[in-house]
Amino acid sequence: MRAGSTLYLDGVSVVFDGFRALNNLSLVVEPGELRAVIGPNGAGKTTMMDVITGKTRPTAGDVRFGDRDLTRLDEAAIATLGIGRKFQKPTVFDALTVFENLELALKAPRGPVACLRWALSGEARRRIEAVLDETGLAPRAQDRAAILSHGQRQWLEIGMLLMQDPELLLVDEPVAGMTDQETEHTAALLRRIAGGRSVVVVEHDLEFVRALGRRVTVLHEGGVLSEGSIDHVQNDPRVVEVYLGR
Amino acid sequence: MSATVASPAPARAGTAAARNVLRWVLLGAVLLLALLPVLNRLPADSALHVSDFVVSVTGKWITYAILALAIDLAWGYAGILSLGHGAFFALGGYAIGMHLMRLIGPRGVYGHSTLPDFMVFLGYRELPWYWLGFEHFPFALLMALAVPGLLAAMVGFLAFRSRITGVYFSIITQAMTYALMLAFFRNDMGFGGNNGFTDFKELLGIPLNTPNARAALFYASLAALLGAYWICARVVGSKLGRVLVAVRDAESRVRFLGYDTTRVKLFVFVLSAVLAGLAGALYVPQVGIINPGEFSPGNSIEAVVWVAVGGRGTLVGALLGAFSVNALKTWLTSVAPDLWLFALGGLFVAVTLFLPRGLVGVLRRPGT
């Protein structure tokens, strides 16, 4: 029944000292889907990401990725399964160029000696160039990350996640602090990279979610309040009451 | 934003040009250095004659430059600030010193066939087990590299595994060299106590304190410096070098990318300690003495100041710092010996405040 679904959360609850951060949350993300998750502060968005990436263990419920049970795996194992997470604050390596940042993220042997003997193969170069094109950073490939704009740093970080070839990408508030133009570019970027992989975006900015133009899940008090197109959820009276009405 | 899009290309070309110039200057400096022992052989009244003092002092600086490279590799690139590299240097020196002591043989004051003078004096009956093998030069040289490497591996493993970084790591390494100094001061350690080793006779069949020995040690040091530079350049220019820089700037992020940063740091720290040991092994036959004073915490800090002054994070900077600060020290300690420590401290403060990228930063300013 859930065959084919990439990410599958069913009846997930997380209780911290009596506080229900997640309350019977269910969510299915299909392969190649781009899903936006919105909700007021404390709705459980970050806790949901934490549960998926293994940072937090659910008190009850099922979390599956393909046919793997994520509740039994630790963070590193989940990351190697192909779930990449982009945190709010971009952390790229300032002293290195954009190209070198991506090169470090590329799947390759990670030991010191392997790194010492590493030579950039044509295949690796093509992979890096593909991500440079995908993120629109190709003109800046040889610039140090320190001189990138805020938006470009975010895209570089997304690019570094792409280098690890994830099946599912979790993106936490990508457009916070971005200019309108950068926000648009980010929406286009996320639309572009979804399809090859599933993407879940947590965001406050409704304009951005509208620009994504895909299915939206509204969280409230740890559960799903509403789900559907942006127009559908914006007209849902319950959503208007708890979220948009404020 | 659009302004930054246009400017980087020429800026990078500028640094590349500056780097090329520096490389040629460096090559010229090496050739000039290589000439010193030759000029030393000219008759003393020749205008180009170079004194024995200049040759031996420069030979000593070359070993300091190797130590500076070692510190820069760990600190400038990987962000591991060791304030105990003098210990690795001293251990390398002691290993070669043990070989030199064994070579004295019956020519010591007491004329004992195997035991060095200090052991006879202290009533040793036979050579302690850890002195065995040091009569062979290759073994002693191996130990000069392996002992610092093993010590670094132990200290590094325990510290990096527990994620001890920054100033805490610096304090641990400082304590390490201090503890070793106290240990080596003890007579019953079997390393000559506070007198250490001296009165060496020869090395590899060449009598020390002769022009031939000076030239040979000078060239050996220069070759070791070039080798060390090549190794460091190789590491820094590889992907490992970029991982090191990434570890220096955001270690947890590197870990998050799937790199075992403990292993990466251990690798570079051990390599750095081995290079420091090599430097010490070349230093001792040139100065003719090694004693526990070489372990003193001040020595390690002074070596860190060389790198800071030259410019950490660039290999050229480490070389520049080692030569310039030591030139200053040699000059100042002959004109106004009491001022040296103030000058050293002042230099460190001034560089930290005004030249965060060291002398190299000043030289490269037009390009960056």
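Which helix of chain A has the lowest confidence, and which has the highest? Helix α10 of chain A, residues 237–244, is lowest, at a mean of 78. Helix α3 of chain A, residues 98–105, is highest, at 92. Confidence here is pLDDT, the predictor's score for each residue, from 0 to 100. Helices are DSSP runs of H or I, at least four residues, and strands are runs of E, at least two, numbered from the N terminus.

Some ground rules. This is a predicted model: local features need pLDDT of at least 70, side-chain atom pairs count only at pLDDT 80 or more, and totals for chains, interfaces and linings use all residues. Residues are numbered from 1 along each chain as its sequence is written, and chains are lettered from A and ligands numbered from 1 in the order in which they are written.

Chain A averages a pLDDT of 86. In that chain, 96% of the residues score at least 70.

Now the sheet. Four strands of chain A form an open sheet, ordered β2-β1-β4-β5, with antiparallel pairing. Pairing requires at least two DSSP bridges between two strands. β2 (19–29) and β5 (68–69) of chain A sit at the edges with a single partner strand each, so one side of each has no neighbour in the sheet. α1(A) packs on this sheet and touches β1, β2 and β4 (60–65) of chain A. Contact means C-beta atoms, placed from the backbone, within 7 Å. The direction of α1(A) makes about 65 degrees with that of β2(A). Axes are lines fitted to C-alpha atoms, for helices over the stretch in contact; angles run from 0 to 180 degrees between N-to-C directions.

β1(A), residues 7–16, pairs with β2(A) over 7 bridges. A:Y8 stands opposite A:V28 there.

Stay with α1(A), residues 45–53. Of its 9 residues, 7 are buried, so the helix is largely enclosed by the rest of the structure. Buried means 20 or more other C-beta atoms within 10 Å of the residue's own; exposed means 12 or fewer, and partly exposed lies in between, with C-beta atoms placed from the backbone. Among the buried ones are A:M48, A:M49 and A:I52. A:G54 follows the helix, with a positive phi near 85 degrees.

On to the interface. 19 residues of chain A contact 22 residues of chain B. α3(A) gives the most to chain A's side, with 4 residues.

Last, chain B. Its secondary structure comes to 14 helices and 4 strands. Of its 368 residues, 43% count as buried.

Terms used. Contact = placed C-beta atoms within 7 Å.
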